[in-house]
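Dear colleague,

I am handing over a structure for your files. Please look at the sequence and the model below before reading on.

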Number of protein chains: 4
Amino acid sequence: MPDNLSDLAAELALANRILAHEGVLDAFGHVSARHPTDPGRYLLSRSRSPLLIEPEDILEFTLDSEPVRPPKAHLYAERVIHGCIYAARPDVMAVVHHHAPAVMPFAIAGKPIVPVFHLGATVGEDLPFWDQHDEFGDTNLLVVKPEEGRSLARALGSHCAVLMNRHGATVVGGGLKELVSRAIFMCQNADYQLRALALGAPQPLYRGEIKLAGTLGLLPNVVTRTWEYWSMRLEAAGAMPPRPLAAKAPRRAVPKTSRVTPRERRKARRRR
Amino acid sequence: MPDNLSDLAAELALANRILAHEGVLDAFGHVSARHPTDPGRYLLSRSRSPLLIEPEDILEFTLDSEPVRPPKAHLYAERVIHGCIYAARPDVMAVVHHHAPAVMPFAIAGKPIVPVFHLGATVGEDLPFWDQHDEFGDTNLLVVKPEEGRSLARALGSHCAVLMNRHGATVVGGGLKELVSRAIFMCQNADYQLRALALGAPQPLYRGEIKLAGTLGLLPNVVTRTWEYWSMRLEAAGAMPPRPLAAKAPRRAVPKTSRVTPRERRKARRRR
Amino acid sequence: MPDNLSDLAAELALANRILAHEGVLDAFGHVSARHPTDPGRYLLSRSRSPLLIEPEDILEFTLDSEPVRPPKAHLYAERVIHGCIYAARPDVMAVVHHHAPAVMPFAIAGKPIVPVFHLGATVGEDLPFWDQHDEFGDTNLLVVKPEEGRSLARALGSHCAVLMNRHGATVVGGGLKELVSRAIFMCQNADYQLRALALGAPQPLYRGEIKLAGTLGLLPNVVTRTWEYWSMRLEAAGAMPPRPLAAKAPRRAVPKTSRVTPRERRKARRRR
Amino acid sequence: MPDNLSDLAAELALANRILAHEGVLDAFGHVSARHPTDPGRYLLSRSRSPLLIEPEDILEFTLDSEPVRPPKAHLYAERVIHGCIYAARPDVMAVVHHHAPAVMPFAIAGKPIVPVFHLGATVGEDLPFWDQHDEFGDTNLLVVKPEEGRSLARALGSHCAVLMNRHGATVVGGGLKELVSRAIFMCQNADYQLRALALGAPQPLYRGEIKLAGTLGLLPNVVTRTWEYWSMRLEAAGAMPPRPLAAKAPRRAVPKTSRVTPRERRKARRRR
């Protein structure tokens, strides 16, 4: 992850938009990153749908999930999810909470997601569940109190993700790019696992395979490829985050994919 | 909801288009709003597919579903759905009737939709069914007679929605934004509930959770976020309703999401 | 349907593209219309994917499915489907043969599609099946011989559609617009019926309801609305057929949906 | 397939993008072609997501999957899949390895894909499985060692495709266009077969039908139609590969589909 604040805010805005564009987030859900130099702080957007987040929406929070500066906008109600996990897990550098359609059947039926293809191994095995009702009784299911956040972090333990009954999931990573890959692969795994059921019992990966395939999402080969692909899809949809005001030089978030400019392409079309 | 007629007509056109773009409405279905100052009237478009509705298509109707002014265009055949519900339910300010693919399996199998995730609670519990055949025998299933509309309104009772066997659903709200959220969350809930069945029995929310989570869709935090998100998606698809003729000032229905104009973006692309 | 040849060719190209854009046709499938003045002829495109068909691709065929003029391009191998049905059914004015994903599970499992919602009634009840193997043994499943076409037409009988085992479906109509609606509603019905199965036995319409709802697709109210909607979606995708060379005046296939021109919209965006 | 290297590289880039755009490939998967004049070599892109591949990304490899020239970029880790199949199967001119969502349930449940509609016959019958664990025990499931590639090629035998347990599939063809069609039809077949299960036991094609329908994907009628259609869809998405630098004349990869230029269309829209 970038080690200066403004680059990290830009990458965080991009991560939010990629996860929204790939169907992990919708109007809801949020992604955070630990502060690049102060491990006692984290970065999270003001309350806004992820596909719309700009670098300038990113705010700093303490691990108590209090804004470092007085906020001028609504904040996410559930930011304790982030603060409590950063407090409990020094290795975690990025967190996403979501209600992706692919994982909802598992969160609702209370059935475990198990790795059924190599990339699904990046979420690891024995994914835990957390049922807010067990400890807190009737609530509106939002995770808003510090003790709710701490309880969720305990359920997460040393895992990469936790399913939240009747609510969604929370996924963690050692960096934003690892997190984005893991969250997307986990949704694909859930989708394949559900549909494989129609054919009979899905055969999950062997434990040894899960261990070995579990780091696939970190291979430079894989990270470079996925990040370029998801960014390109976002750009093709016209949904890249704006350049921060301070930036002077033209941004190059996505590698050049074509030597034909849009203008040349238009001209070529007319010629036919 | 806006308290003047032209702003409400604009919001109603937008609500129609959002619900169409989010997959609740298609060539069919219609959304209405109660008149902002005369509770004995309601606003509804002339007969037109929701994604195409413009503020100028919006007409006024009495609660008998008669047009206040002689119509120059086709009217929806099923407008008694709206009139009869406004007559029976003074608290209802907005109504949508739809055949969303997500709810159709439930309307066809006669199986209840139950809240299975927190946002699904906004439709409440014990959703009623209405089978037109029970009272009216063989029909073409359109709700066109006043007595059919009144029968449907009775089945709705004090609920937020009613499933119509072999036909679709009708959903009500205390305002257009609440209605739009509820209709979309109900479709998501139906989709998750159906797919969770493949994993075993879905575990619905506890009754206390449904009560507490039932108002989530009304939180300013939530309404602001969803409305901005759904409007942005509609605008990205080039499907925003046109400005009414009277409007002089540039409209700002969607908050600014980028400081880079499309022109600058094009220039930046060429530079690469 | 238009009563002159060039207008009918334009409507036929549009019908092909609408059915492709709505997911009934893909690289394959074809739509025909009976000749407007000579009932012993029909119009069908040269062999081309439906989304690409232009009015100038439309050719005339005799009911023996021979081209009236020597063809300069590949012809569809399965055009006897059209010729044999026009010969057997004087009431039929338009035919589509397709492999829509929605109907394929029924064609494969050999299970009947039954009307499960009001618009699904437009395909009628007791839809027949036709299994090419019964009469012709092993084939490549294409319907290419006159006797295969006649056998299919016999299986269709007086119905509105016939399912073809391990192959697809053929649907007929009294006109192109009726045909387009019926084909789309049939796909929706198949999709809802399949998914309703996950909830238990779907409850089909009562026989009396099927009769009464069967003509819904012909209501001017409905035809106007659907045709405008599907055309607008096609236009928004940039996939409208080109104007025929002869046409001088600007075409107005889709009613004006916005008083804000694209140019004004771009200007308004820049201003923000 | 083209018999000169630069045209084949262009067609290979296009094949990659078509398969990505049609949902067979995503961030992962790769397509190769045998060298047009040296059967002991094959062409494959540098490590990159298929939708982004340009002709200039295409590199030459020996059948040991070593790059002919020292590479300047990351290479796909799994290129032995291609080399070992070209070595074992002189008739194979093109190979794709993928994790298409449509086939994943079968690769996970270990259940065979059988031809259930005429175009599905192009993958043939008795498709084999290959389980990397059987011979190699715990791995990360990537096929990276020569002995793994050779084992996979043995499992493929003389078939057109092999399903890889908990991983994906590999499909081969006598040319790039045949390969693209086969891979797409195989995904459609898998999707239809899975959904037909909800209705009861799918009825596969008779063995004689599979033989006769198995070459449908090679009919000029079919190849011309599909290639035009898939290319047009790719172009409409703005995702055609760039022209190679050397090319001087305007490319005409997609036949002219409209006599109205985009510019005329814009003008026509403004006029309304």
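The notes that follow describe what was found in the structure.

This is a predicted model, in which local features need pLDDT of at least 70, side-chain atom pairs count only at pLDDT 80 or more, and totals for chains, interfaces and linings use all residues. Residues are numbered from 1 along each chain as its sequence is written, chains are lettered from A and ligands numbered from 1 in the order in which they are written, and side-chain values use heavy atoms, with hydrogens and water left out.

Confidence comes first. The predictor assigns the complex an ipTM of 0.90 and a pTM of 0.91. Over residues 247-272 of chain A, however, pLDDT stays under 50. For that stretch the model has 52 contacts (heavy atoms within 4.5 Å) beyond four places in sequence.

Chain A contains nine helices and seven strands; these are DSSP runs numbered from the N terminus, helices being H or I with at least four residues and strands E with at least two. Of the 272 residues in chain A, 58% are buried, where buried means under 20% relative accessible area, exposed over 50% and partly exposed in between, with a 1.4 Å probe and protein chains only. Among contacts in chain A with a separation of 6 or more, 66% join residues 24 or more positions apart.

Which residues touch the most other members of the largest nonpolar core? They are A:Met186, B:Met186, C:Met186 and D:Met186, in a core of 348 residues. Such a core is a set of buried Ala, Val, Leu, Ile, Met, Phe, Trp, Tyr and Cys residues joined through side-chain atoms within 4.5 Å. Apart from neighbours within four places in sequence, A:Met186 is in contact with residues including A:Val103, A:Ile113, A:Leu163 and A:Val171.

In chain D, helix α1 (residues 5-21) and helix α8 (residues 220-236) have axes that come within 10 Å and cross at roughly 75°. α1(D) is therefore roughly perpendicular to α8(D), a description that covers angles of 65 to 115 degrees. The residues of this contact comprise six nonpolar, two polar and three charged. Among those that meet are D:Leu14 and D:Ile18 in α1(D), and D:Trp227 and D:Trp230 in α8(D).

In chain C, C:Ala15 belongs to helix α1 (residues 5-21) and is buried, with a relative accessible area of 0%. Leaving out residues up to four places away in sequence, C:Ala15 touches C:Leu176, C:Val180 and C:Trp227.

Helix α5 (residues 146-156) of chain D has buried residues that include D:Leu152, D:Ala153 and D:Leu156. The buried residues of α5(D) pack against several elements of chain D, among them α2 (80-88) and β7 (168-173). After α5(D) comes D:Gly157, with a positive phi near 55°.

Two residues other than glycine also deserve a note. A:Arg166 has a positive phi of about 55° and lies in the loop between β6 (161-164) and β7 (168-173) of chain A. D:Asp126 has a positive phi near 55° and lies in the loop between α3 (104-109) and β5 of chain D. A:Arg166 is buried, with a relative accessible area of 2%, whereas D:Asp126 is partly exposed, at 47%.

Yours sincerely

Note on methods
pLDDT = per-residue confidence, 0-100. Axes fitted to C-alpha atoms, helices over the stretch in contact; angles between N-to-C directions. Parallel < 35°, antiparallel > 145°, perpendicular 65-115°, else oblique. Nonpolar A, V, L, I, M, F, W, Y, C, P; charged D, E, K, R; others polar.
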